[in-house]
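This report describes the fold of one chain and the surroundings of selected residues. The sequence and the structure are shown below.

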Amino acid sequence: DASAVGVMPDATHVFLANLCFPDGLTAALLPMIMAMPRLHTVLSFQAIPPPASTQEHAKLVLTTTHSVRTSWHDGVPLHEFRLVARV
């Protein structure tokens with residue numbers, strides 16, 4: 001179950017091939033992703049909605065959008081987010 005906290009405790013990077021995810025699935029995965037202690041970067045085909053803001057949690061910040069070639073199209077946007085600690 002990818003939405004369970006602690007599934008990938010050593011992950012530093014996450015790639016979400018979420019073009020065909022149903023509405024809400026990316027948002028449902030965010031708590032698990034944000035709980036990864038070593039997380040640094042998230043790559044996602046869809047924009048990631050901002051999670052609820054809390055003082056004790058880090059946040060994902062869009063750093064750049066890459067244009068990548070895929071098997072179905074050239075120039076598909078791939079969003080790169082970095083984890084930034086709350087201050």
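## Helix H1 and its cover

Which residues of H1 are buried? In this predicted model, Thr26, Leu29, Leu30, Met32, Ile33 and Met34 are the buried residues of the helix. The elements that cover them include strands S1 and S2, together with S3 (59-68) and S4 (76-84).

The helix lies across S1, S2, S3 and S4, and its direction makes an angle of about 170° with that of S1.

## The sheet

The strands S1, S2, S4 and S3, in that order, form an open sheet of four strands with mixed pairing. S1 and S3 are its edge strands, each pairing on one side only. On average, neighbouring strands of this sheet are turned by 20° against each other, direction ignored.

Between S2 and S4 the pairing is antiparallel and comprises four bridges. Within this part of the sheet, Thr41 stands opposite Arg82 of S4.

## Asn18

Asn18 belongs to the loop that lies between strand S1 (13-16) and helix H1 (25-34). Because its relative accessible area is 0%, below the 20% cut-off, Asn18 is classed as buried.

The side chain of Asn18 makes a polar contact, at 2.9 Å, with the side chain of Ser44. When neighbours within four places in sequence are left aside, Asn18 is in contact with Thr26, Ser44, Phe45 and Gln46. One of these residues, Thr26, is also among the buried residues of H1.

## His79

His79 is located in strand S4. Is this residue buried or exposed? With a relative accessibility of 15%, His79 counts as buried, since the limit is 20%.

A polar contact of 3.1 Å links the side chain of His79 to the side chain of Thr65. Not counting residues up to four places away in sequence, His79 touches Val42, Leu43, Ser44, Phe45, Gln46, Ala47, Leu62, Thr64 and Thr65. Ser44, Phe45 and Gln46 are included in this list, and they are also in contact with Asn18.

## Confidence

The mean pLDDT of the chain is 84, with 83% of its residues at 70 or more. Confidence is lowest in H1, where the mean is 85, and highest in strand S2 (residues 41-44), where it is 95. Where pLDDT is low, the predicted coordinates should not be read in detail.

Notes: Residues numbered from 1 in each chain as written. Predicted model: local features only at pLDDT ≥ 70, side-chain atom pairs only at ≥ 80, totals over all residues. Heavy atoms only, no water. Helix = DSSP H or I, 4+ residues; strand = E, 2+ residues; numbered from the N terminus. Buried < 20%, exposed > 50% of the residue type's maximum accessible area, 1.4 Å probe, protein only. Polar contact = N/O pair within 3.5 Å; in protein donor to acceptor, adjacent residues only side chain to side chain. Contact = heavy atoms within 4.5 Å. pLDDT = per-residue confidence, 0-100. Pairing = 2+ DSSP bridges. Axes fitted to C-alpha atoms, helices over the stretch in contact; angles between N-to-C directions.
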